Amino acid sequence: MLTTRIFSLIGKRAFSTSVCVRAHGSVVKSEDFALPSYVDRRDYPLPDVAHVKNLSASQKALKEKEKNPWSSLLMDEKVDLYRIKFNESFAEINRSTNEWKTVVGAARFFIGFTAPILIWEKHYVYGPILHPFEEEWVAKQTKRMLDMKVSPIQGFSAKWDYDKNE
């Protein structure tokens, strides 16, 4: 039923690149991403556009009052002027968030989820350790390589003292 509805919407060309149709039927223009946009970032302190694009009547009056000396402005008016241009101050941008708790929690969840799988794999999937990795085999292989004088110029045969056998 859902797929039938989706295909009927596609068949009616309800999806378009220039406009989007909302569920209640109104048409909304899509945003042009080629134009500058507002963003609060520490590494980009002066955005290309102001935070408030459409000024209210009180904000327009405040912008006119801004053209006069700033000593005549009240502190609240200065803050309101700042809020027209910027959404957040540097202190608000730099304040700590609790995002680290989410990251640590997600990491612990995935570690806790995969640890039993790895333990199960080690126990049931992988067989015993292969004989070339056992200590006795490695010792025999090393002795054989020394007897054959493998890599006598720069290898470990060059550093081996054959008289003292060490």
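User: Before we start, what do buried, exposed and partly exposed mean here?
Analyst: Buried means under 20% relative accessible area, exposed means over 50%, and partly exposed lies in between, with a 1.4 Å probe and protein chains only. This is a predicted model, in which local features need pLDDT of at least 70 and side-chain atom pairs count only at pLDDT 80 or more, while totals for chains, interfaces and linings use all residues. Residues are numbered from 1 along each chain as its sequence is written, and side-chain values use heavy atoms, with hydrogens and water left out.

User: How many salt bridges are there?
Analyst: The count is eight salt bridges, where a salt bridge is a side-chain nitrogen of Lys or Arg within 4 Å of a carboxyl oxygen of Asp or Glu. Side chains of opposite charge can pair when their charged atoms come close.

User: Which residue pairs with Glu77?
Analyst: Glu77 forms a salt bridge with Lys65, and their closest N and O atoms are 2.8 Å apart. Because Glu77 lies in helix H3 (residues 75-85) and Lys65 in helix H2 (residues 57-66), the pair ties together parts that are twelve residues apart in sequence. Helices here are DSSP runs of H or I with at least four residues, numbered from the N terminus.

User: Is Glu77 buried or exposed? And what about Lys65?
Analyst: Glu77 is buried, at a relative accessible area of 16%. Lys65 is partly exposed, at 30%.

User: What does Arg41 pair with?
Analyst: Arg41 forms a salt bridge with Asp43, with 2.6 Å between the closest N and O atoms. Arg41 is partly exposed at 43% relative accessibility, and Asp43 is exposed at 56%.

User: Switching to helix H6: what is its span?
Analyst: Helix H6 (residues 135-147) has 13 residues and reaches 18 Å from its first C-alpha to its last, close to the 18 Å expected at 1.5 Å a residue. The expected span is 1.5 Å times one less than the number of residues. H6 is followed by Lys149, which has a positive phi near 55°.

User: Where do Lys143 and Asp147 lie?
Analyst: Both lie in helix H6, four residues apart, about one turn of the helix. Lys143 is partly exposed, with a relative accessible area of 43%, whereas Asp147 is exposed at 52%.

Conventions:
Helix = DSSP H or I, 4+ residues; strand = E, 2+ residues; numbered from the N terminus.
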